[in-house]
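Please read them with the coordinates open.

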Amino acid sequence: GKTIIIIGSGIAGMATAIRLRSQGHEVTVFESNDYPGGKLTAFSADGYRFDMGPSLFTMPHFVEDLFKVTGKSTEDYFAYKKKDTVCNYFYEDGTKFSASANIESFAEDASNTFNVDKAALLEYLNKSKRKYDLTSSLFLEKSLHKVGTYLSKDTLKAIFQMGSLDISTTLAELNRSVFKDERLVQFYNRFATYNGSSPYKTPGIMSMIPHLEQYFGTYFPKGGMHSITQSLFQLSKDIGVVYQFNKKVEEIVTTNNKVLGINVGGQLVKSDIVVSNSDVVPTYRRLLPKHKSPEKILKQPRSSSALIFYWGINKKFPELDLHNIFFSDDYEIEFDHIFNKRQVCNDPTVYINITSKEEESDAPKGCENWFTMINVPSNIGQDWDTIIAESRKHIVKKLSRLLNEDIQSLIEFESVLDPRLIESKTQSYQGALYGASSNNKYAAFLRHPNFKNSIKNLYFCGGSVHPGGGIPLCLLSGKIVSELIMKKN
Ligand code: FAD
C-alpha cells in the first residue's frame, strides 16, 4: 500500500479515507478543527440538540456502500428510516400542502390542492427520471474529465437525447411551460436550492432532483444527521484510518510536479499521495501558492449560503413535521436578491427542520428544536449583522402570521449560524454550501476535476469539485478518487 494524506475530515474526506484504507493504503486525515465532519456537525445546549448543517438525507445507499466496501455491516454502526411525509409546504395565500413519499398519493393530493391533472404530474416525474437515468453515470458517477468517459456508450445515449434534457431552458421556464398553477411552479422551482442555485438561472435538467427525492425517498438517520458523521468516523477508525485533529495543513509540498507531502505546523510530513478535501479555492490560493491556478474554474460564482437560527421553542406544533417550508410570496424577487443584488429580501422562504419530531430527546418535554433557515448569498463582505437583525424580524413575523402564534414569545434558546461562520469553521470559500452554483448550463464542466494533470499524485474530493455539493455527490467524489487511485497503483 501507499501512504496517503487526506486534508480535511468532511463527509467526502472520510468517505475517501474509508475506501482507500479498504484498498490497503496507509491513510492519515489532517483536520484543522477538533472534530470530524466539517459542515455535517451538531451541538447541544439548554436541553436541546441541533444538527448544524445538512438536514435532508436522500440516497442512503451511498452511505451503505461505505460499510459494504469494508466488509462491515451497516446495522452495527448506522440506522435510518424512510419518511412517509417528505415535507409540509405553507403558502402566503393560506394553501397548505403535505408532500407524500408515495408517488400515487403525492399525485392525488397535488391534483386536489393545485390546479393540475394527475397525469401531467406523473408525466413530469417520468421525464425527470429519464434525465437522471440518461446522465447520472456520465455526470455523477465517473470522472467527467477522463477520455474514457467521453467515449462511453452512456455519453452517446445522452448526446442523442440532448433535446429532452432541457439544458437550454431554465428550470423556472420549464416548470412554467408545464404547470399553470403558480404555487406548483414555485414548488418545483424550489428544487434549484438543493444545490444552492436559482431556478431562474439553473438549466431545466435540474428537474431530475424532484425525481431523486420522490424515487429514492427521504430518510431520517437515528440520532439525527450527525450520526452520519459519527458512524463514518467510527467505521474509519475501526479499519485503521488515523486522524490528526487541530492540524491545519499549510501547504501541499511538491517536487518536480509530483506530490512530496504536506507542511503542517511548520513540518514536512511526507506521503506518496495527497487528497484535498478542503474547498478547491483555498486549496489553490493557500496550499498550492507556487502552482498556476485554474482561474476560470476558481472564479465560477458560488452557490448560496445559509442564515440559520437554532431556536428552542417552548411549545409543540402538531401541524409541523420534520421538514417544513414557508414559501415567500414572490420567488423571483427572492432569488434576484440572492444571486443578483447579493442581498436578502424582506420576505424570504423559511425552512424549519425539527428533529425532535423524530427524536424526542432532541428537545425538553413539551418543546421543539427549530432549525430555522433562509437561503442567503455567499459572503462577499455584506453587512451580516444588519442582515441577521432584519431577517430575524421578517422571519418571526412571517411564521407568527402563518402559524397563528406569537413566535417571539416562544423562543427560549437561540444560536445563529451565518455565511461568515460557515466560511471560518470549514474554510469553504465565501461560506457557500455547495461550492460553485449550477447557475449556467456549463457548470458541470466548470467544476474542478478530481485529479490534476500537472501534479502527479494529487487528488480532490468534496462539495467544491466534481461531481458537486450535497452529501450524495460528496460521497460519490470519494468513490471517483478511490477508483482513480486504484487504476494508477
Ligand atoms: P466540508 O464539510 O466542507 O469539510 C471540509 C473539512 O476540511 C472541514 O472539516 C475543514 O475544517 C477541513 N479543512 C479545510 N481546509 C483544511 C486545511 N488546510 N487543513 C486541515 N483541514 C482543513 N447537503 C445535503 O445533502 N443535504 C442538506 O440538507 C444540506 N443542507 C446544508 C445546510 C447547511 C447549513 C450547510 C452548511 C450545508 C448543507 N448541505 C446539505 C451541504 C453539505 O453539508 C456539504 O455538501 C457537505 O457536507 C460538504 O462536505 P465536504 O466533504 O465537501 O467538506
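1. Ground rules. This is a predicted model, where local features need pLDDT of at least 70, side-chain atom pairs count only at pLDDT 80 or more, and totals for chains, interfaces and linings use all residues. Residues are numbered from 1 along each chain as its sequence is written, and side-chain values use heavy atoms, with hydrogens and water left out.

2. Salt-bridge count. The criterion is a side-chain nitrogen of Lys or Arg within 4 Å of a carboxyl oxygen of Asp or Glu. That rule gives 27 salt bridges.

3. Lysine 118 and glutamate 108. Their side chains form a salt bridge at 3.1 Å, N to O. Lysine 118 sits in helix 4 (residues 118–140) and glutamate 108 in helix 3 (residues 103–113), so the pair ties together parts 10 residues apart in sequence. Helices here are DSSP runs of H or I with at least four residues, strands are E runs of at least two, and both are numbered from the N terminus. Lysine 118 is partly exposed at 27% relative accessible area. Glutamate 108 is partly exposed too, at 35%. The classes are buried under 20%, exposed over 50% and partly exposed in between, with a 1.4 Å probe and protein chains only.

4. Glutamate 405 and lysine 315. This salt bridge has an N to O distance of 3.9 Å. The pair links distant parts of the chain, 90 residues apart. Glutamate 405 lies in the loop between helix 14 (384–403) and strand 19 (411–417). Lysine 315 lies in the loop between strand 15 (305–313) and strand 16. Glutamate 405 is partly exposed, at 28%, and lysine 315 is partly exposed, at 31%.

5. Lysine 393 and glutamate 390. Their closest N and O atoms are 3.5 Å apart, in a salt bridge. Both belong to helix 14, and because they are three residues apart, about one helical turn separates them. Lysine 393 is exposed at 54%; glutamate 390 is partly exposed at 36%. Elsewhere, salt bridges with shared partners join Lys81, Lys83, Asp321 and Glu358 into one network.

6. Negative patch. Which residues gather in a patch of negative charge on the surface? They are Asp93, Asp329, Asp330 and Glu332. Patch members have over 30% relative accessible area and no salt bridge, and like charges are joined within 9 Å. Aspartate 330 is in the loop between strand 16 (323–326) and helix 13 (331–341). Aspartate 330 is partly exposed, with a relative accessible area of 35%.

7. Asparagine 375. Not counting residues up to four places away in sequence, asparagine 375 touches Thr193, Ser304, Ser305 and Ile338. Contact means heavy atoms within 4.5 Å.

8. Backbone. Most residues other than glycine have a negative phi, and most peptide bonds are trans. Arginine 342 has a positive phi of about 60°. Arginine 342 is in the loop between helix 13 and strand 17 (350–353) and is buried at 18%. Glutamine 430 also has a positive phi, near 60°. Glutamine 430 is in the loop between helix 15 (419–426) and strand 20, buried at 12%. The peptide bond from histidine 466 to proline 467 is cis, with omega near 0°. Proline 467 is in the loop between strand 20 (458–460) and helix 16 (471–488).

Conventions:
Patch = residues over 30% accessible without salt bridge, like charges linked within 9 Å, V, L, I, M, F, W, Y side chains within 5 Å. Areas by Shrake-Rupley, 256 points an atom, 1.4 Å probe, with all protein chains shown as cover. Lys, Arg positive; Asp, Glu negative; His and termini not counted. Charge placed at Lys NZ, Arg CZ, Asp CG, Glu CD.
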